[in-house]
Amino acid sequence: MAYADRFRKILQSKKAELEQLIHTAQDNKAAVELDQTKVGRLSRMDALQAQAMSKEVERRRRLELQRIEAALQRLEDGEFGYCITCGEEIDKDRLSLDPSTPQCRNCAG
């Protein structure tokens with residue numbers, strides 16, 4: 001059971017870190033000021049680009065959070081470490097690199 005506990009701790013730590021990052025990044029999604037008398041055109045374009053990048057980073061963080069939550073659920077269900085596609089055991093080295101991975105190397109492509 002130490003195997004499962006080790007990965008559970010890693011996944012829970014990553015989950016907490018992502019949740020904190022998502023929470024602290026809320027300011028970066030704020031609406032961009034459109035008043036050109038306050039902000040120049042180029043500065044506004046930079047702000048729009050930064051806002052778009054921030055939204056994409058948050059989208060990716062939320063996807064990673066979903067993968068982690070799914071892996072934690074597989075741990076609870078006793079299915080962790082097995083490919084969700086073919087059912088074969090996922091290589092320990094692969095899980096060590098990414099404990100949230102749901103597929104073996106063959107099925108992942």
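This is a predicted model: local features need pLDDT of at least 70, side-chain atom pairs count only at pLDDT 80 or more; totals for chains, interfaces and linings use all residues.
Residues are numbered from 1 along each chain as its sequence is written, and side-chain values use heavy atoms, with hydrogens and water left out.

**Overall fold**

- The protein has 4 helices and 0 strands, taken as DSSP runs numbered from the N terminus (helices are H or I with at least four residues, strands are E with at least two).
- Read from the N terminus, the elements go α-α-α-α.
- Of the 109 residues, 26% are buried (buried is under 20% relative accessible area, exposed is over 50%, partly exposed is in between, using a 1.4 Å probe on protein chains only).
- Take the contacts (heavy atoms within 4.5 Å) between residues at least 6 apart in sequence: 56% of them join residues at least 24 apart.

**Salt bridges**

- The count is 10 salt bridges, each being a side-chain nitrogen of Lys or Arg within 4 Å of a carboxyl oxygen of Asp or Glu.
- Arg8 pairs with Asp5 in a salt bridge, with the closest N and O atoms 3.1 Å apart. Both sit in helix H1, 3 residues apart, or about one turn of the helix.
- Arg8 counts as buried at 18% relative accessibility, whereas Asp5 is partly exposed at 36%.
- Asp5 and Arg8 also belong to a salt-bridge network with Glu76.
- Lys15 makes a salt bridge to Glu69, where the closest N and O atoms are 3.9 Å apart. Lys15 is in helix H1 and Glu69 in helix H2, so this pair ties together parts 54 residues apart in sequence.
- Both ends of that pair are partly exposed: Lys15 at 24% relative accessibility and Glu69 at 37%.
- Arg105 forms a salt bridge with Asp91, the closest N and O atoms being 3.4 Å apart. This one links distant parts of the chain, from Arg105 in helix H4 (residues 105–108) to Asp91 in the loop between H2 and H3, 14 residues apart.
- Asp91 counts as partly exposed, at 35% relative accessibility.

**Arg74, without a partner**

- Arg74 lies in helix H2 (residues 41–77).
- Arg74 is buried but has no salt bridge, and the nearest side chain of opposite charge, Glu79, is 6.6 Å away. For charge, Lys and Arg count as positive and Asp and Glu as negative, with His and the chain ends not counted.
- Setting aside neighbours within four places in sequence, Arg74 is in contact with Glu79, Phe80, Ile84, Ser100, Thr101 and Pro102.

**Around Cys86**

- Cys86 is in the loop between H2 and helix H3 (92–97), and it is partly exposed with a relative accessible area of 39%.
- Not counting residues up to four places away in sequence, Cys86 touches Cys104 and Cys107.
- Cys86 and Asn106 are 20 residues apart in sequence, and 9.2 Å apart in space from C-alpha to C-alpha.

**Largest pocket**

- The largest pocket holds about 160 Å³ of space; a volume is the space filled by probe spheres set on grid points, which are joined across faces, edges and corners.
- On a 1 Å grid over the protein atoms alone, a pocket is an open set of points where a 1.4 Å probe fits, with protein on both sides within 12 Å along at least five of seven lines; lining residues have an atom within 4 Å of a point.
- The lining has 12 residues, and Tyr3, Ala4, Leu75, Gly78 and Phe80 lie nearest the centre.
- Helix H1 (residues 2–24) gives the largest share of that lining, 3 residues.
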